[in-house]
Amino acid sequence: MAAFDTLRDVHASGAYANLALAEQAREHGLDSQEAALCTELVNGTCRWEGTYDRIIEAAGGRALSTLQPAIVDVLRLGAHQLLGMRTPTHAAVSTSVDLAGVALGERTTGVVNAIIRKVAAKDLDGWLEELTAPMGERGALVLRTGHPRWIVDAWANVLPADELEAALAADNVAPVPTLVVRPGLAEREELLVDGGEPTRFSPFGAVREGNPSDVAAVRQRRAAVQDEGSQLVALALSRVEAEPGRWLDLCAGPGGKAALLAGLAQADGSTLLANEAHPHRAELVRKALRAYPVNLWQVKVGDGTKPDWEPGSFTRVMADVPCSGLGSLRRRPESRWRRTPEEVAELFELQCGLLDSAITSAAPGGVVAYVTCSPHRAETSAVVNRMADERVEILDASSFLPEVPEARALTDERFVQLWPHRHGTDAMFLALMRRR
């Protein structure tokens, strides 16, 4: 019931799966083991929704549009138990039918029983073999990896052909939580207790199973949860030679990079201005920075495309712009079915405006980092190539992350593109520029 209620929140109300999961776990009083099972049910169902929908349609001999949306969610949960977990067939069928009866009424149990039993007639490989037989190679890849066709096409545009399937498959592997210390407030050794392992590349991070709040430094806000890719782009910006002074985080919410930058700025003898357009996200930035002395940082609420500070005010500028978030699909399983190519196109002008503002805000000799959590060409190299005019020199970003192999972007070797299947990080993009 908790998993079903979460899926209804996601599909009917547009909720984020992770937030809806936490709320339903509380409402249903789940213990840690039950919550873990619920998480797998929800996240696995969301990841493979497109593939399961095709299988359910084939098994039922009818379009999903002919079924109530709530019945479809019951069938998706049942399909994941049958095809993506080790649930015995009789258990997956009976729980699906029981769930339909309790949640939707007895009149729905007949159709659920009929369709879910037909789904159970084959394993996932059997269904994929049947459904992909008439498809071309790209269409078959869509079903095998559980991604919309437009995302598969976009990844094919920025990856070597022999890596495409591995990159898509990596989106379906839930990452282990990654922690980061606040430089100057904690040491990484504090994150390595009770099974923590150092991150592969970042000197600030650790990978650790379990609840991050079990770590004292996290509870005390001297450390936090942050993907290693986000740590690396901040580290690269700090490594480029520039004078001490004021640093700017142009789009700072919710504050993870801002907190890391504040510690790095302190070590540089600099201070940080964290700008955020939305007041509620600006408050999250303040909370993230609160462990540092207040004279080291300032949070401002304002439109990053229309700043009220003087041009040329900052020696380092981080422009981690709003984007589709397609680089974090392994952590946000429902996002792949919500995002559209039209949304990516709509973000382009905003991203260009923010990069233009970042360049204008940089002092002569200052450094600008353009960052997105997306590998999509339209959100990465296309933005930089449009806005990086005679005001800036594009730097070789990978030279500032020499410990990270295979980091050069296929679109332009001066850019860095991280990937889950190569680096175990989100698919973060980084371009570095120096203001002339």
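Colleague: Which residue in E4 is the bridge partner of Leu 179?

Modeller: In E4, Leu 179 has Val 225 as its bridge partner. Please bear in mind that this is a predicted model, in which local features need pLDDT of at least 70 and side-chain atom pairs count only at pLDDT 80 or more, while totals for chains, interfaces and linings use all residues. Residues are numbered from 1 along each chain as its sequence is written, and side-chain values use heavy atoms, leaving out hydrogens and water.

Colleague: How many bridges join E1 to E4?

Modeller: Strand E1, residues 178–181, is joined to E4 by three bridges, and the two run antiparallel. Strands here are DSSP runs of E with at least two residues, helices are runs of H or I with at least four, and both are numbered from the N terminus; two strands pair if DSSP finds at least two bridges between them.

Colleague: And what is the order of the strands in the sheet?

Modeller: The open sheet has four strands in the order E2-E3-E1-E4, with antiparallel pairing. Strands E2 (197–198) and E4 (223–225) are at the edges with a single partner strand each, so one side of each has no neighbour in the sheet.

Colleague: Switching to loops, where is Ser 202, and is Ser 202 buried or exposed?

Modeller: Ser 202 sits in the loop between E2 and strand E3, which covers 205–207. Its relative accessibility is 1%, so Ser 202 counts as buried (buried is under 20% relative accessible area, exposed over 50%, partly exposed in between, with a 1.4 Å probe and protein chains only).

Colleague: What does the side chain of Ser 202 join in a polar contact?

Modeller: The side chain of Gln 231 makes a polar contact of 2.6 Å with that of Ser 202, and a polar side-chain atom of Ser 202 also lies 3.1 Å from the backbone nitrogen of Phe 204. A polar contact is a pair of N or O atoms within 3.5 Å; within protein, one must be able to donate a hydrogen and the other to accept it, and residues adjacent in sequence count only if both atoms are side-chain atoms.

Colleague: New topic: what follows helix H4?

Modeller: H4 is followed by Gly 61, which has a positive phi near 65°. The buried residues of H4 include Tyr 52, Ile 55 and Ile 56.

Colleague: And which residue comes just after H14?

Modeller: Gly 269 does, with a positive phi of about 75°. Among the buried residues of H14 are Leu 260, Leu 261 and Leu 264.
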